[in-house]
Amino acid sequence: MTYRVAIAISGAVSLGSYEAGTLYEIIKALKEHNENPANPKIEIDVLTGASAGGMTAAMIAQKLLYDGDALSGENTNVAYEAWVKSVDINGLLTPLPGDNAKNSLLSNGFVKTIADKLINSRYVKSSSPSAAQTPLPPPLVQTPHVASATSIRLGLAMSNLNGVDYEVDTYAYLTETLGKGKFTQTRHQDRYTVTLDNTTDNQAVWNEISAAARGCGAFPVAFSPVSLTRNWMHGDYRGRGAVKFENSTFSFMDGGAFNNYPLGMAVSLAEQNDTSYTDYENRFYFYISPNPRESAANPEFDASTASFADSAKQMLNSVFLQSGFQEWLIQEKDNEKILRLDKQADTLREKLYTTSSEEVFAEQAIIDSMIGLVYGANEAEYAADVARLATQYRVDVEEKPLPPSHFKLWIDTIAVLEHAAGLGPTNLKTIYTITAKKDELSGELLGAFLGFFDERFRQYDYERGRLNAMLTINGILDKQRDEAVIQKQLPLNIEKRDHHSIQQFLDSSHLNHASMADVQYENRQLAYKRVKARFFAFAKDAGIASVARFFAWNFIVRKTVKKVLVL
């Protein structure tokens with residue numbers, strides 16, 4: 001028996017370091033579990049991400065399939081190298097050839113150098129000046145991680161600045177009559193999905209994935225949009241009903257603008273792998289985000305007294321936050337319904353132990369009529385549901401069996417209740433969320449960009465991610481032994497995590513209270529010079545006269561920038 005894990009990673013900006021620490025501990029735990037031959041396998045077969053989470057998901061997918069050793073070592077694994085060691089403000093503020101100075105503050109080229117080092121370097125012989133940059137001859141040596149499935153579905157949330165059309169046929173009032181027309185909507189929320197296995201370990205595939213990951217993380221204004229050619233035949237378009245287009249080069253920006261919580265995408269990709277009852281039964285999800293699931297409602301806002309600035313701010317917040325938690329609410333409601341159904345099934349089973357055969361015969365006649373009402377003529381669906389439920393609930397009566405007639409009545413009743421409620425094997429999902437509490441993180445200020453300014457902040461957040469993952473793992477182990485917990489749990493069979501040393505480090509450092517004033521002065525000064533240069537470049541490109549540019553900077557913008565950077 002194999003258990004499957006899908007992992008969804010939200011956008012995080014510099015708090016990608018938190019997500020890196022979380023992933024390190026999850027993968028480490030699965031490795032420890034799988035290395036015991038007595039344990040059933042637990043494999044990662046789906047990874048989805050938005051923004052920083054998408055960039056991380058791509059790296060992790062490649063290493064799981066082809067280079068498992070790159071995920072080992074708490075301070076040497078690939079995610080640590082990317083989010084703690086490599087992404088710093090000095091590199092991000094240094095323009096490189098190919099950067100578009102007209103539409104970004106930070107360097108896309110610098111991000112590409114990190115991707116080339118950690119992802120694309122697998123497909124070149126050497127980075128030394130004396131060696132030719134030529135593709136490696138196949139086959140490459142593949143050393144899959146013990147927690148990797150044989151294939152992994154990767155999904156990246158994208159924001160398509162060009163947009164893709166979706167249409168339905170309608171009848172429209174035309175000049176003289178009711179004629180056939182089209183109802184067209186242009187969709188900018190997009191995605192990039194690919195199925196990876198041992199045949200996709202090549203430069204062409206990973207050049208495209210690397211570009212898609214950078215587009216997924218191209219935070220507006222901070223980074224330039226990234227161009228990527230897409231094909232209508234791909235399942236992301238034709239498979240979802242998009243209007244046909246020729247191969248098009250779209251411009252993509254941060255996927256978190258429309259879908260910062262890619263759990264829904266993880267579910268849809270996982271369902272492509274889960275084709276039977278046992279697949280659904282053995283599926284688990286991890287959702288990783290530095291942001292807690294807390295209410296973003298603002299009952300204090302009053303349009304009748306709000307200023308123009310207050311109204312504009314609330315409107316922008318409303319639009320941005322709408323990309324949030326809708327799918328969580330739907331999923332949790334489904335889970336609650338199924339757990340209530342299980343409780344009702346337990347109550348009915350206990351009643352049947354004291355029910356006579358005559359009563360069962362009479363009640364079966366009632367249930368048979370309800371089966372006809374609920375299922376109609378779809379006898380095949382009824383038979384499939386009954387077979388699945390008989391397997392699912394048989395374990396509940398192993399110690400104290402029901403007579404065949406009683407068992408049939410029990411299963412038929414559950415089938416009617418389940419089908420009438422629109423539930424089924426795909427609905428109940430065990431989702432583990434690993435988020436941080438407010439004021440737990442170091443790099444969350446400045447729109448979560450603060451972590452880029454100091455490696456100490458990123459190290460702190462990485463350790464916080466590790467700690468929160470350890471606490472989640474320990475919670476799973478505790479719930480396995482808690483008879484009051486009805487919902488299935490991931491069958492991890494490992495020792496509980498010892499997190500005391502990390503807890504002591506976090507408690508003693510107090511970096512969760514860091515601010516811009518704690519950043520080295522040289523880094524703040526570098527950021528100031530970069531913002532100033534970009535302001536004048538933007539203003540000039542917009543056609544603003546030099547005198548107006550000078551006035552705007554010195555009397556309007558400079559003061560704000562210095563205040564933010566504490567200069």
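These questions and answers cover how terms apply to a predicted model.

User: What are the ground rules for this model?
Analyst: It is a predicted model: local features need pLDDT of at least 70, side-chain atom pairs count only at pLDDT 80 or more, and totals for chains, interfaces and linings use all residues. Residues are numbered from 1 along each chain as its sequence is written, and side-chain values use heavy atoms, with hydrogens and water left out.

User: Why is Tyr287 called buried?
Analyst: Buried means under 20% relative accessible area, exposed over 50%, partly exposed in between (1.4 Å probe, protein chains only). Tyr287 has a relative accessible area of 0%, so Tyr287 is buried. Tyr287 lies in strand β7, residues 283-288. Its C-alpha atom is 4.9 Å from that of Ala8, 279 residues away along the chain.

User: What makes a segment a helix or a strand?
Analyst: Both are DSSP runs, numbered from the N terminus: helices are H or I with at least four residues, strands E with at least two. The protein has 18 helices and 8 strands.

User: How many of the 567 residues are buried, as a percentage?
Analyst: Buried residues make up 49%.

User: What share of contacts joins residues at least 24 apart?
Analyst: Contact means heavy atoms within 4.5 Å. Of contacts between residues at least 6 apart in sequence, 76% join residues at least 24 apart.

User: What makes a space a cavity?
Analyst: On a 1 Å grid over the protein atoms alone, a cavity is a set of points where a 1.4 Å probe fits but cannot get out; lining residues have an atom within 4 Å of a point. Grid points are joined across faces, edges and corners, and a volume is the space filled by probe spheres set on the points. The structure holds 4 cavities of 30 Å³ or more.

User: Which residues of α5 are buried, and what do they pack against?
Analyst: Asn108, Gly109, Phe110, Val111, Ile114, Ala115 and Leu118 are buried. The buried residues of α5 pack against α2, α3, α4 (89-92), α6 and β5 (226-230).

Conventions:
On a 1 Å grid over the protein atoms alone, a cavity is a set of points where a 1.4 Å probe fits but cannot get out, and a pocket is an open set with protein on both sides within 12 Å along at least five of seven lines; lining residues have an atom within 4 Å of a point.
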